[in-house]
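Subject: Structure handover and what turned up in it

Hi,

Here is the structure I promised to pass on. Please have a look at it first, and then read on for my notes.

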Amino acid sequence: MRIFVTIAAATLLAGCGLSPAQGGPELVVSGPSEAVAAFVRQQGAHKPSRATTFPQSVGPGRSSARVMTPAGTSADTLRQLAQQATMAGLTAAVVAAN
């Protein structure tokens with residue numbers, strides 16, 4: 001128990017509090033459920049893998065998912081990602097980071 005208190009105190013004193021991580025813009029993709037699921041799998045296989053949400057149903061046979069990018073992601077990278085989604089038959093929209 002003492003070790004946990006020591007670690008917690010050291011973390012707080014070092015200024016490394018447990019605040020939420022800041023991310024970059026997100027790409028929202030939507031379209032046929034199978035195409036969205038395939039696109040999400042493709043992003044997971046990317047090196048390094050990109051964080052995604054699980055596909056959510058938005059209607060009969062249609063789904064939507066988000067691809068999260070790290071802070072500092074370039075506009076060119078987002079454009080390429082949106083182009084990949086479009087080539088996969090999906091609709092893509094960039095959502096600005098908070």
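First, the ground rules. This is a predicted model, in which local features need pLDDT of at least 70 and side-chain atom pairs count only at pLDDT 80 or more, while totals for chains, interfaces and linings use all residues. Residues are numbered from 1 along each chain as its sequence is written, and side-chain values use heavy atoms, with hydrogens and water left out.

**Overall layout**

The chain has 3 helices and 5 strands, where helices (H or I, at least four residues) and strands (E, at least two) are DSSP runs numbered from the N terminus. Along the sequence they come in the pattern α-β-α-β-β-β-α-β. Of the 98 residues in the chain, 22% are buried; here buried means under 20% relative accessible area, exposed means over 50%, and partly exposed is in between (1.4 Å probe, protein chains only). The chain exposes about 6800 Å², with carbon and sulfur atoms supplying 62% of that area (Shrake-Rupley method with a 1.4 Å probe; for residues, only the protein chains shown count as cover). Among contacts (heavy atoms within 4.5 Å) with a separation of 6 or more, 68% are between residues 24 or more positions apart.

Helix α2 (residues 33–45) has 13 residues and reaches 19 Å from its first C-alpha to its last, close to the 18 Å expected at 1.5 Å a residue. The expected span is 1.5 Å times one less than the number of residues. Val-36, Phe-39, Val-40 and Gln-43 are the buried residues to look at in α2. They sit on the same side of α2 because they cover an arc of only 100° around the axis, the arc being that of the directions from the helix axis to the C-beta atoms. Glu-34, Arg-41 and Ala-45 are exposed on the other side of α2. The cover over the buried residues of α2 includes β1, β2 (51–52), β4 and α3.

Helix α3 also has 13 residues, and its end C-alpha atoms are 18 Å apart, in agreement with the 18 Å it should span at 1.5 Å a residue. In α3, Leu-78, Leu-81, Ala-82 and Ala-85 are buried. Their arc around the axis is only 100°, so they lie on the same side of α3. Among the elements covering the buried residues of α3 are β1, α2, β4 and β5 (91–95). After α3 comes Gly-89, which has a positive phi, near 85°.

**The core and its surroundings**

Which residues make up the largest nonpolar core? There are 11 residues in all: Leu-27, Val-29, Val-36, Phe-39, Val-40, Ala-65, Val-67, Leu-81, Ala-82, Ala-85 and Leu-90. At least two residues of this core come from each of β1, α2, β4 and α3. A nonpolar core is a set of buried Ala, Val, Leu, Ile, Met, Phe, Trp, Tyr and Cys residues joined through side-chain atoms within 4.5 Å.

Leu-90 is worth a click: not counting residues up to four places away in sequence, Leu-90 touches Val-29, Ser-30, Gly-31, Pro-32, Ala-35, Val-36, Phe-39 and Ala-85. Two of these partners deserve a note. Gly-31 lies in strand β1 and is buried, with a relative accessible area of 2%. Ser-30 is also placed in strand β1 but is partly exposed, at 21%. The C-alpha atoms of Ser-30 and Ser-64 are 4.2 Å apart, although the two residues are 34 residues apart in sequence.

**Charged pairs**

Side chains of opposite charge can pair when their charged atoms come close. The structure holds 2 salt bridges, each defined as a side-chain nitrogen of Lys or Arg within 4 Å of a carboxyl oxygen of Asp or Glu.

- Arg-66 pairs with Glu-26, with the closest N and O atoms 2.4 Å apart. This pair links distant parts of the chain, 40 residues apart: Arg-66 is in strand β4 (residues 62–70) and Glu-26 in strand β1 (residues 23–32). Arg-66 is partly exposed at 33%, and Glu-26 is partly exposed at 22%.
- Asp-76 pairs with Arg-79, with the closest N and O atoms 2.6 Å apart. They are separated by about one helical turn because they are 3 residues apart in helix α3 (residues 75–87). Asp-76 is partly exposed at 39%, as is Arg-79 at 47%.

Best wishes
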